[in-house]
Amino acid sequence: MTRTVADECDVLLRDGGVAHIRPLRPSDREALHELIDRSSERSAYLRFFTGGAATAHACVDRATGPGYRGHALVASVGGRLVGVAEYIPGPDRPEAELGILLDDEVHGHGLGTLLLEHIVVDAAEHGVTELVAFVLADNRRMLRVVEDLGLPVTRRYEDGCVELRVVPHPTAHLLAEIEARAHEAERSSLAHVFTPGSVAVVGASRDPRRIGHRVLRNLVDSGFPGPVYPVNPRAAEVYGLPAYPDVASLPGPAELAVIATPAAAVLGVARDCARHQVRALVVLTAGFAEAGGGETERELLRVCRDAGMRLVGPNCLGVVNTAVPLNAGFLPGRPPAGPLGLMSQSGAVAAAVIERAGLLGLGVSSFASVGNKADVSGNDLLEYWEDDPATRVIGMYLESLGNPRRFGRIACRIGARKPIVVVKSGRSASGDRAVRSHTAAAATPDVAVDVLLRACGVIREDTVQDLLDTARLLAFQPLPAGRRVAIVGNSGGPQAMTADACERLGLVVPELSPATHEALRARLRPAAAVGNPVDLTADGDAGDFASAIETVLADPGVDAVLIVYTPPFGSGLDATRQAVADATRGAAKPLVACVAGHDDLIDGRVPGYAFPEQAVHALARAAEHAAWRARPVTPPEDLPGVDLTAARRIIEADLAAHPGGRWLDDPTAARLLSAYGVHVAESVSADGPETAAEAAALVGLPAVLKATGPALVHKSDVGGVRTGLQTPEQVRQAYREMAARIGSAMKGAIVQAMAAEGVEIILGGVAHQAFGPLIMVGWGGVTTELLADRAFRVPPIDRAEAGRMIAELRCAPLLHGYRGRPEADVPALENQIIRVGRLMDDLPEIAELDLNPVIVTPGGVVAVDARVRLAPAPQPPSLFLRRLR
Ligand code: ADP
Ligand code: MG
């Protein structure tokens, strides 16, 4: 197994501080002896080592000396070595003895747990089946550290000592525990950013045009309740507050420092902050990685990490938390309070979104402009918003996804409670067209982002306008239970447009129930049309709106109500808004309004949209998200005939012979696929017309002849495929013609039996470096690229999802007996999709895979052309190892 334990990493502690973890080096010897001396008198009982200080010193000599058999990790905080964990495998037993020693001063910060997590993963990767630790019986702290880890522990008492045994097998439960601890640490560390008790503004200028002045003014004007310290060496007072020459001179601690000095001064200021217990920095100053200053930015991060400070920016607009209230940024205006947690990688986009959100009645709970994302990223903010009570919906403007896999896991968890709406720019970035498989060519990075976001329930929007439209529905209204919409309005045109938009975006405008009809008839004026849409006509007044809304809300066949009001007809704008407010109070179903020409929020909870399409768009997104939340989570299907060991053996052997990876030859590809029960047509190789004719007799006539050769990628393009060969003579003849046409690129041929007539589907997979595997199903055959009719998913894929992938294709009707065709074996195709998904998920070394075509007939499926590329795959960083980027 490839090593995934990071050589060195920074990790958040429980209280939000930062520790550095790395393997022990011989040069740590002195620091370790000091560590023992520091802790020996007071806390011999806090150690794993049972023999007291003398033994501990001996342990250090052994661990830093030659021939050490153990594995040891050390942790430092603020540059000081404060903890060590080791395990020593027994000479001929798979179990290993575990020891941990921590500095007294760092107890209670979760450092013991962290070291243990890391050492457990290391032990598991080195084949250790059991870790044994001897702990003094009154060492409750250590006992708890081991027992709370998240792995089953057995204990045995003997002579005042407890023998603990832990199986270091990474389990789902352990992962959940680790993620819970990571979450806690994230939240604590970002609390220093979003809810600081005191703030210093370094570079607080007297010039009202300067950023350093504007941020101070915003901070003061926002009503921040704690002390605010302007730092300015050339002023005694800024914006009415006494100023201080530097951080060292502040009269009290500053939990957060906002830095707006020139770029050249930032590092020095950060070091000052580090020395004076500042816990977080927001660096507004530009001129770092974005302007060729990558080295300085790394140094800035280093300073922050060593001091346990979180860093927002540099090159950002600042942070806002309306609940404090805290406005530590230089956005114009005052962000109004509300339920939207907002993150933006672009300051300019953020300014526009906040401005607009305010006008729409959608305020901001907290906001961070992350700038260069040197430290705090979108993933960290998601963790913060997860249990921030003021945040009900999360909006993100992203230009890049730093760690898509981690994003996926976090977003999936949070999206189950708070919807996440994302605008990700860079859609036009094209994929690597040089790749040879259709699947890899189609799965551009943008497609990958799309599929990843969809898999974890994130709502992706194309524009920030759409983001706001969707977010305000999600923030103020419940999710719809289904897609059935009742439309109530007073004007035919907009209602028709609404109904059209519903159909286009996947919502349904159903017939209302007979009871609803009757009730509407009884309550509305005779001219009203009581179908769906319910048309109150231009005479319909506020009372009619209220009656109609109440009535359709009560129809069990309706999941959401869309009100379309065109002013100034009926009772006019105000009275109608009031009627909508009254009729919808306490409704359990979502309501949206289109008040022609007006974007707003009725009664602080019913979003109003200027145009029908906006309202329908938001509702459709909400319905999709609701469907994602309600998706059944099925345990992985048992797939008979899947042989992981066999597949792994084939891959290892091939990579050993071709260390850089390669396109597999046909027989090897077929063997690999067969190990997962993927049906590939039998192929017999031939090296001339005679052997080809013999091969045809073997596979059965009619036969197919295909040229082979490393340079032949798309064989039909060069006349390298002949189908429907009826006799041995035709096979011979075809071989001769093919050889003459293709020439030296043809190294031989394969012969296959002709598959029955069926639908040609492409089934493929690609391993994205950052995103992991993706699976594609589409219209196949030689014209696959032409129609680009495809569906993508992240594996694992269950049967229902495979069915949905097929249903998404425009060519799907061909499989279901289109115009007198026979019904194809769709379940067999689903089965193949699931298996290819499992294969790609299990074996990251499969870089590209194209089955094109898979021929789907009434009697089953068979892939007649299989191409597989292997490549050595670096193991992605283990999810079990908490670490900062
Ligand atoms: P390439 O993709 O390299 O051009 P394929 O092996 O996919 O070559 O063959 C091209 C086309 O020939 C397929 O899309 C399919 O229509 C047809 N074909 C190939 N093999 C068979 C077969 N065994 N039975 C029926 N048709 C086949
Ligand atoms: Mg093909």
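Student: Which element gives the largest share of the shell around ligand 1, and how many residues does that element supply?

Tutor: The model is a predicted one. The largest share of the shell around ligand 1 comes from S37, with 3 residues. Strand S37 spans 846-857, and it is one of the strands that each supply at least two residues of that shell; the others are strand S31 (703-708), strand S32 (721-725) and strand S33 (748-753).

The shell can also be described by domain. Domain 4 covers 682-754 and domain 5 covers 759-870; because both give residues to the shell, ligand 1 lies between them.

Next come the residues themselves. There are 20 residues around ligand 1, and the ones that come nearest are Lys706, Lys715, Ser716, Ala755 and Glu760. Sorted by class, the shell holds 10 nonpolar, 6 polar and 4 charged residues.

Some contacts can be given atom by atom. Gln752 places a polar side-chain atom 2.9 Å from a nitrogen atom of ligand 1. As for cover, ligand 1 taken alone exposes 550 Å², and the protein buries 90% of that.

The magnesium ion, ligand 2, is coordinated by Asn852 (O) and Asp865 (OD), at 2.2 Å. Asn852 lies in strand S37, while Asp865 lies in the loop between strand S38 (860-863) and strand S39 (866-870), so the pair ties together parts that are 13 residues apart in sequence. Asn852 has a relative accessibility of 7% and therefore counts as buried, the cut-off being under 20%. Asp865, at 17%, counts as buried as well.

Asn852 has a further feature in the backbone. The peptide bond that joins Asn852 and Pro853 is cis, with omega about 0°. Pro853, like the strand already named, belongs to S37. A cis peptide bond is also found from Leu701 to Pro702, where omega is near -5°. Pro702 sits in the loop between helix H22 (689-699) and S31, and S31 is one of the strands that supply at least two residues to the shell around ligand 1.

Two residues elsewhere in the chain have backbone angles to note. Asn315 is not a glycine, yet has a positive phi of about 65°. Asn315 is located in the loop between strand S15 (310-312) and strand S16 (318-321), and its relative accessibility of 29% makes it partly exposed. Lys373, also not a glycine, has a positive phi of about 55°. The loop that holds Lys373 runs between strand S19 (364-369) and helix H10 (378-386). With a relative accessible area of 10%, Lys373 is buried.

To return to the part you asked about: ligand 1 lies between domain 4 and domain 5, and S37 supplies the largest share of its shell. Strand S37 also contains Asn852, which coordinates the magnesium ion together with Asp865.

Conventions
Residues are numbered from 1 along each chain as its sequence is written. Chains are lettered from A and ligands numbered from 1 in the order in which they are written. This is a predicted model: local features need pLDDT of at least 70, side-chain atom pairs count only at pLDDT 80 or more; totals for chains, interfaces and linings use all residues. Side-chain values use heavy atoms; hydrogens and water are left out. A residue is near a molecule or strand if one of its heavy atoms lies within 4 Å of it. A polar contact is a pair of N or O atoms within 3.5 Å; within protein, one must be able to donate a hydrogen and the other to accept it, and residues adjacent in sequence count only if both atoms are side-chain atoms. Accessible areas come from the Shrake-Rupley method with a 1.4 Å probe; for residues, only the protein chains shown count as cover. Helices (H or I, at least four residues) and strands (E, at least two) are DSSP runs, numbered from the N terminus. Ala, Val, Leu, Ile, Met, Phe, Trp, Tyr, Cys and Pro count as nonpolar, Asp, Glu, Lys and Arg as charged, and the others, Gly among them, as polar. Domain bounds come from an automatic or database domain assignment. Donors are N, O and S atoms within 2.8 Å of the metal (3.2 Å for Na, K and Ca); water is not among the atoms, so sites may look incomplete. Buried means under 20% relative accessible area, exposed over 50%, partly exposed in between (1.4 Å probe, protein chains only).
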